[in-house]
Amino acid sequence: MQRSKKILIVSSAVICVALVVWQWTEAENAPENVRQISSEKAPASSVADSKARHLPLQEQEPAAVQRVALLPTGSEMSATQSLLDTRNGDPRSPPVIHNTAEPTLPSADELADPKAYQQYEARQNMRLYSSFIDAAQTEVPRLKADVARAREVGIAAADISKVEEKIKRIVAMQAQLLRDHPQLLATSAEKK
């Protein structure tokens, strides 16, 4: 009994997602999802507006027609917005910079010898830690400048506090890495 409920819930969720995706693609591509809006005569009330929406396009007043794509409303709106964000990305997020450097792969000897492979892993971890420390040294001042600018332009205090918390965590992680691996301080000083 419990298994059939799970199957029913999963299949319902899959059907709902498929319907939302189908509606979304139809809204983008289908010309019948375009309605006409008259700039001269607008319905006086929401009841009149809802009646006008159900009229075929031929029965609506043709004066000063402007074509506007229909957007889903209600619960479909959040799903559609989520899909758009997935496809187009969040415009507030910074661009992703991919590492184009080839990774250092273990040699055949390192793969054959467990101790040599552990040394390879340790070098890789140190390289990662060193990269974090270097990035923190350049990004923390930039983030602090962003916080100062945000205060100047009047960004909400809750949003500013999120960035300040992020700065604190980055600085704390940097300090912990330097405490746990003091040789990273010399490595980071050599890079400068």
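These questions and answers walk through a predicted model of one protein chain. Residues are numbered from 1 along each chain as its sequence is written, and side-chain values use heavy atoms, with hydrogens and water left out. In this predicted model local features need pLDDT of at least 70, side-chain atom pairs count only at pLDDT 80 or more, and totals for chains, interfaces and linings use all residues.

Me: What pLDDT does the protein chain average?
Reply: pLDDT is the predictor's confidence in each residue, from 0 to 100. In this chain, 64% of the residues score at least 70. Over residues 30-51 the pLDDT is below 50, and that stretch has 34 contacts in the model beyond near neighbours in sequence (contact: heavy atoms within 4.5 Å). The chain average is 75.

Me: In what order do the elements of the protein chain run from the N terminus?
Reply: Helices (H or I, at least four residues) and strands (E, at least two) are DSSP runs, numbered from the N terminus. The chain has 7 helices and 2 strands. Their order is α-β-α-β-α-α-α-α-α.

Me: What percentage of the 192 residues in the protein chain is buried?
Reply: Buried means under 20% relative accessible area, exposed over 50%, and partly exposed in between (1.4 Å probe, protein chains only). By that rule, the buried share of the chain is 14%.
The contacts give a second view. Among those with a separation of 6 or more, residues 24 or more positions apart account for 62%. The buried share asked for is 14%.

Me: Is Glu-110 buried or exposed?
Reply: Glu-110 sits in helix H4, residues 108-112. Its relative accessibility is 14%. Glu-110 therefore counts as buried.

Me: Which side chain makes a polar contact of 2.5 Å with that of Glu-110?
Reply: A polar contact is a pair of N or O atoms within 3.5 Å; within protein, one must be able to donate a hydrogen and the other to accept it, and residues adjacent in sequence count only if both atoms are side-chain atoms. Leaving aside residues up to four places away in sequence, Glu-110 touches Ala-116, Tyr-117, Tyr-120 and Arg-123. The polar partner at 2.5 Å is Arg-123.

Me: How far apart are the C-alpha atoms of Tyr-117 and Pro-106?
Reply: Tyr-117 lies in helix H5 and, at 31% relative accessibility, counts as partly exposed. Pro-106 is in the loop between helix H3 (75-88) and H4. The two residues touch and are 11 residues apart along the chain. Their C-alpha separation is 7.3 Å.

Me: What separates the C-alpha atoms of Pro-106 and Tyr-120?
Reply: Pro-106 touches Leu-111, Tyr-117 and Tyr-120, not counting residues up to four places away in sequence. Along the chain, Pro-106 and Tyr-120 are 14 residues apart. Their C-alpha atoms are separated by 6.7 Å.

Me: Which backbone oxygen lies 3.0 Å from a polar atom of the Thr-138 side chain?
Reply: Thr-138 is in helix H5. At 52% relative accessibility, Thr-138 counts as exposed. The backbone oxygen at 3.0 Å belongs to Ala-135.

Me: Which helix gives the most residues to the lining of the largest pocket?
Reply: Lining residues include Arg-92, Glu-139, Asp-146 and Lys-166. Helices H5 (114-153) and H6 (157-180) each supply at least two lining residues. The lining divides into 3 nonpolar, no polar and 5 charged residues. With 4 residues, the top contributor is H5.

Key:
1 Å grid on protein atoms, 1.4 Å probe; cavity = no way out; pocket = protein on both sides within 12 Å on 5 of 7 lines; lining within 4 Å. Nonpolar A, V, L, I, M, F, W, Y, C, P; charged D, E, K, R; others polar.
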